[in-house]
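These are my notes from going through one model, entry by entry. I wrote down what I looked up and what I found.

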Amino acid sequence: LRWAEPSALALMLARWITRDGRVQPLWVDAPSEAEAQSLAQDLRVLLPGAGVAHFPGMAPYVGGESSPPGMVLRDRLATLIGLLERRVTVLVTGPLAAFEKLPHPTWFQKQKLELQKGAEVPRELLLETMVALGYRRTELASSPGEFSARGLVIDLWPDHLDQPLRLETFGDELEKLAPFDPDTQRRTGEELEKLTIYPRFEAERGDGSPLLKAAQSRSGSTH
């Protein structure tokens, strides 16, 4: 199918994996990173809410002549977390991505921070933990990977979420946890009961099989 336009290929794949109104798990190994990215974008349009993820490979940066941009690292982490939380149904990768040495899923589980509404969370310890997880402290949390703290309010933008979150505390108790618009600073959705925050970096790399195992565990089989 190398000669097919990405939109045509995406349409064919979307029809193929949609059965009885449900989207079946699928892993597509594209011949290039550009085709993988384009295909993932088309599939997201055709399968809204189905959990389509693009996992960018590191092959273009192996030589060391250039470093991967922040968006590449963010997409990789978001996809790994999506697989871990079983939110990815359609996975699109570029060449050799499946054979990269990746962090084992258990590493993310051990490093994650879980926040629960109503729980006691010492403020200074929380801020120190955010830095340890790779988040940058700024005046305003206006981009993924940033957090800010002022008074009893902590704003945080996890990489795997589309919007930042506002944590409101009373003493050390987490009273409110809700998404907000970074431009207007106003709340945009319902309050959350809990939040899981993962590291913003890849470490403790394995033997190259975790991505394969994660995808197979999510789908039961690959196509």
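Is Val45 buried or exposed? I looked up its relative accessible area, which is 66% in this predicted model. The cut-off for exposed is over 50%, so Val45 counts as exposed.

**Entry: the surface around Val45**

I placed Val45 in helix α2, which covers residues 33–46. I then checked for a nonpolar patch and found that Val45 makes one together with Leu11 and Leu46. The area of this patch is about 260 Å².

**Entry: helix α5**

Which residues of α5 are buried? I went through residues 123–132 and noted Leu126, Leu127 and Met130. Looking down the axis of α5, I found these buried residues within an arc of 100°, so they line one face of the helix. On the other side of α5, I listed Glu128, Val131 and Ala132 as exposed.

Next I asked what covers the buried residues of α5. The cover includes the strands β6 (113–116), β7 (136–137) and β8 (146–150). It also includes β9 (153–156), β10 (165–170) and β12 (194–197). After α5 comes Gly134, and I noted its phi as positive, near 100°.

**Entry: the five-stranded sheet**

I traced an open sheet of five strands and wrote down the order β7-β8-β9-β10-β11. The pairing in this sheet is mixed. Which strands are at the edges? They are β7 and β11 (173–179), each of which pairs on one side only.

I followed the pairing of β10 with β11 and found it antiparallel, over six bridges. For Phe170 I looked up the bridge partner in β11, and it is Glu173.

Arg86 is not a glycine, yet its phi is positive, at about 60°. I located Arg86 in the loop between α3 (70–84) and β5 (90–93).

Where is Gln185 found? I located Gln185 in the loop between β11 and β12. Gln185 is not a glycine either, and I noted a positive phi of about 65°. With a relative accessible area of 26%, Gln185 is partly exposed.

Definitions and conventions
Residues numbered from 1 in each chain as written. Predicted model: local features only at pLDDT ≥ 70, side-chain atom pairs only at ≥ 80, totals over all residues. Heavy atoms only, no water. Buried < 20%, exposed > 50% of the residue type's maximum accessible area, 1.4 Å probe, protein only. Helix = DSSP H or I, 4+ residues; strand = E, 2+ residues; numbered from the N terminus. Arc of directions from axis to C-beta. Contact = heavy atoms within 4.5 Å. Patch = residues over 30% accessible without salt bridge, like charges linked within 9 Å, V, L, I, M, F, W, Y side chains within 5 Å. Areas by Shrake-Rupley, 256 points an atom, 1.4 Å probe, with all protein chains shown as cover. Salt bridge = Lys/Arg side-chain N within 4 Å of Asp/Glu carboxyl O. Pairing = 2+ DSSP bridges.
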